Amino acid sequence: MNDFQIMISKRTQYNYLQRSLKPLILLTFLSLITLSIVFVSGCKNDPNDLGINFVNPNDTLGSLLLESNADTIRITENNVRVYNNNSSVSSLLVGSSPSAAGTYQAKSFLTFTGLPNNRAGENVLSSYIRFKYNFYSYRDSAGPVSFNIYKVKRKLDYSTVTLDSVTSSDFETTQIGTYTGNPTDVSDIIVNLDPNAVKDWISYAADTNSTGKNYGIYISPNSGSTTIKGFYTSNDDINFRPRLIAIVDSNGTHDTLNISDSQYLSLTDAPLSVIPANRIFVQSGITFLSRVNFDFTKIPSNVIINEAYLELTIDPVNSVNLPFTSKSVFADRVTDSVLVKANADGFSTFPVAGDTTKYYVRLNSYFQGWSTGIYPREGILLSMVSKSNLNSIAFYDQSDADINKRPKLRIRYTNR
């Protein structure tokens, strides 16, 4: 076979391979497209986190819409008071804030640490505590604050103490200090202290078996208070912290002790009567929570929840919030309606830009779980995200005369 014949033979084989492979290449290409479609459809983001037949919220073909009103989904609320540990509160809160609806009260515990351990038995000639006002006040910045100071009789764990875990038997009845005034700036607030109390603390620093213990002081408001005020704490700049100042006589020589290290805890309380009528109400510090539940009779069971949004409207008159603190609210699924417990992995919501009166909570996964019976239908628990001070938010409830201010629930679902 000459070169020309060989070339023709190879070209014939190449053409044959091309004709043979074309159907195979086309089939492979189509198979890959099919696999890609299956893969993509199987990996769609599932905001319900339940993995049950999620339908994209934008795909509303064949879906049905329910919106809350008197004839469809009834929304109810139950405001409750829960005593939490408030060791994260950013102020040392003291005082009373009375009103016709009830009185808010704030009391604090303070323990000075780092006292010298080599001065046992020395006389304390005089002593006082210096506080500085941090410009936080609750409801009346111009009113006076008045309080008494007592020695605490037992060791308290400030990281776990709640208002209902301490009683009057935990502190002595004899005052070791008192104050009444109306602080308006960061000038020193001097509260004279019984020198014998400081002498006991110095002895305790040297020997924990001594009779005088350093379990700290209890700062309790008295009838002279018309407001609650906040003071700087040991978490603040050293120049603003509470200070224990004591003049000590050491064999005829006078020394000044200046202690700025301390631990603190503030506890606040108010009766349920302070909650404004017909409002969904949440407040940090105490804490007031609101359990919101939904009527499921108009929602078919075992459906696919495409969207579930709750809209809440703020009542600004009955809300108290500092300008630079968080206005976010947690919405957690209730797990125990008797003990008022909720899961800790809920959703947070905050005012929508451009309309600071509206809050929107996306509850897809909760409604999907309620629909399929995975979760008990106990509703959600609303609480303040920020635990600082006494910030509060009131929302209009479903009984409000203005229909535009009522809570609104929008559910879009697809039948299986």
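Tutor: Let's start with S392, which has its place in strand β23 (residues 392–396). Strands (E, at least two residues) and helices (H or I, at least four) are DSSP runs, numbered from the N terminus. Before we go on: this is a predicted model, where local features need pLDDT of at least 70, side-chain atom pairs count only at pLDDT 80 or more, and totals for chains, interfaces and linings use all residues. Residues are numbered from 1 along each chain as its sequence is written, and side-chain values use heavy atoms, with hydrogens and water left out.

Student: Why is S392 called buried?

Tutor: Buried means under 20% relative accessible area, exposed means over 50%, and partly exposed lies in between (1.4 Å probe, protein chains only). S392 has a relative accessible area of 1%, so it is buried.

Student: Which residues is S392 in contact with?

Tutor: Contact means heavy atoms within 4.5 Å. Leaving aside neighbours within four places in sequence, S392 is in contact with F281, V282, Q283, N318, S319, V320 and N321.

Student: What makes N415 partly exposed?

Tutor: Its relative accessible area is 45%, so N415 falls in the partly exposed class. N415 is found in the segment after β24 (408–414). Beyond its neighbours within four places in sequence, N415 is in contact with L64, P300 and V303. N415 and N302 are 113 residues apart in sequence and 7.9 Å apart in space, C-alpha to C-alpha.

Student: Why is strand β9 described as largely enclosed?

Tutor: Five of the five residues of β9 (residues 217–221) are buried, so the rest of the structure largely encloses this strand. Both faces are covered: I217, I219 and P221 are buried on one side, Y218 and S220 on the other. In a regular strand the side chains alternate between the two faces of the sheet.

Student: How do you know that β9 pairs with β4 and β6?

Tutor: Two strands pair if DSSP finds at least two bridges between them. Three bridges join β4 (residues 104–112) to β9, and these run antiparallel. Five bridges join β6 (residues 145–151) to β9, again antiparallel. F109 has Y218 in β9 as its bridge partner, while N148 stands opposite S220.

Student: What makes β17 and β18 a pair?

Tutor: β17 and β18 (residues 341–342) have two bridges, in the antiparallel sense, and at least two are required. D336 stands opposite K341 in β18. Strand β17 (residues 329–336) also pairs with β22 (residues 380–384), antiparallel over five bridges, with A331 opposite L382.

Student: What makes a group of residues a nonpolar core?

Tutor: A nonpolar core is a set of buried Ala, Val, Leu, Ile, Met, Phe, Trp, Tyr and Cys residues joined through side-chain atoms within 4.5 Å. The largest one here has 32 residues, and those with the most contacts inside it are F294, L310, L363, F367, I380, L382 and I411. Strand β16 (residues 304–313) gives the most to this core, with four residues. A second, separate core of 30 residues includes V94, F112, L115 and V198.

Student: Why is helix α3 called largely enclosed?

Tutor: Eight of the nine residues of α3 (residues 364–372) are buried, so the helix is largely enclosed by the rest of the structure. Among them are Y366, F367 and W370. Just after α3, G373 takes a positive phi of about 85°.

Student: Why is the pair of F294 and W370 called tilted?

Tutor: Rings of Phe, Tyr and Trp (its six-membered ring) pair if their centres lie within 6.5 Å; planes under 30 degrees apart count as stacked, over 60 as edge-to-face and the rest as tilted. The centres of F294 and W370 are 6.1 Å apart and the planes stand at 45°, so this pair is tilted. F294 is in strand β15 (residues 288–294) and W370 in helix α3, 76 residues apart. The rings of Y366 and W370, with centres 5.9 Å apart and planes at 45°, are therefore tilted too.

Student: How do you know that the charge of R333 sits over the ring of Y375?

Tutor: The rule asks for NZ of Lys or CZ of Arg within 6 Å of the ring centre and within 35 degrees of the ring normal. The charged end of R333 is 3.8 Å from the centre of the Y375 ring and sits over it. K229 lies over the face of Y133, at 4.9 Å from the ring centre.
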